Amino acid sequence: MIQKELENAINAQIAQELTASYSYLGMSTYFDELSLDGLASWMQNQHAEEQQHAMKLLNYLQDRGGRVQLASIPSPQVEFNSILEVFEISLQMEIENTSSINKLYELALKNNDHATKSHLQWFLDEQVEEEKSMEDIIANLKLIGDDKAGLLYLNDKLGKRSPDSEE
Ligand code: MG
């Protein structure tokens, strides 16, 4: 049986993963409207991945005899000023998510809950990947600047991401 304090914190993290998932879905609609299908598909994969993160936590909480509480998820942003802005917001979101996973991990440490610590290890590693992929795309976009051919190249490249790849 999991402690109440951790149960609450994991429920909050489930909501955070689902909020991120919904945000990425909103971003994919922005790219779809710009006819950047590669970027739209990359964001849809990101949406699916965040949903998997939420499910991983939800199943874990159930396995530990905790009670799942599903919070309301706010409507995501769908209008942006630029492609770069979308990825800057994404990076910020991932940085905040890393910090909340860190806090969850510290709570598990404080409660001597070694199983939760072990489960969260995967998420800590995943966050390194998430931040890196946003940073790489931001760097590419800055390099591309106003070059339309460069943007179409990036669109093609990101469109090749397979649903399970970590890119
Ligand atoms: Mg996540």
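A: K56 lies over the face of W122, at 4.1 Å from the ring centre. The model is predicted: local features need pLDDT of at least 70 and side-chain atom pairs count only at pLDDT 80 or more, while totals for chains, interfaces and linings use all residues. Residues are numbered from 1 along each chain as its sequence is written, and side-chain values use heavy atoms, with hydrogens and water left out.

A search of the whole structure finds 5 of them. Rings of Phe, Tyr and Trp (its six-membered ring) pair if their centres lie within 6.5 Å; planes under 30 degrees apart count as stacked, over 60 as edge-to-face and the rest as tilted. Y30 and F80 form an edge-to-face pair, 5.1 Å centre to centre with 70° between the planes. Y30 belongs to helix α1 (residues 4-33) and F80 to the loop between α2 (37-63) and α3 (83-110), so this pair ties together parts that are 50 residues apart in sequence. Helices here are DSSP runs of H or I of at least four residues, strands are runs of E of at least two, and both are numbered from the N terminus. Y30 and F80 are both buried, a term that means under 20% relative accessible area, as against exposed at over 50% and partly exposed in between (1.4 Å probe, protein chains only).

W42 and F87 make a tilted pair, with 5.8 Å between centres and 55° between the planes. Because W42 lies in helix α2 and F87 in helix α3, the pair ties together parts that are 45 residues apart in sequence. W42 counts as buried at 0% relative accessibility, and F87 is likewise buried, with a relative accessible area of 0%. Ring pairs link Y30, F31, W42, F80 and F87 into a cluster.

A nonpolar core is a set of buried Ala, Val, Leu, Ile, Met, Phe, Trp, Tyr and Cys residues joined through side-chain atoms within 4.5 Å. The largest core holds 24 residues, of which F31, M43, I83, V86 and F87 touch the most other members. Two or more of its residues come from each of α1, α2, α3, α4 (114-144) and α5. Contact here means heavy atoms within 4.5 Å. A second, separate core has 18 residues, including I14, L57, L107 and L120.

I101 is found in helix α3 and, at 0% relative accessibility, counts as buried. Beyond its neighbours within four places in sequence, I101 is in contact with Q13, E17, F123, L124 and Q127. The C-alpha atoms of I101 and A9 are 9.7 Å apart, although 92 residues separate the two along the chain.

N155 lies in helix α5 (residues 148-159). N155 counts as buried, at 5% relative accessibility. Neighbours within four places aside, N155 is in contact with L36, D37, G38 and L39.

The setting is a protein chain of 5 helices and 0 strands, with elements that run α-α-α-α-α from the N terminus on. Its radius of gyration is 17 Å, close to the 15 Å that the globule rule gives for 167 residues, so the chain is as compact as a globular protein of that length; the radius is taken over C-alpha atoms and the rule is 2.2 Å times the number of residues to the power 0.38. Buried residues make up 46% of the 167 residues. Among contacts between residues at least 6 apart in sequence, 80% join residues at least 24 apart.

Key:
Lys NZ or Arg CZ within 6 Å of the ring centre and 35° of its normal.
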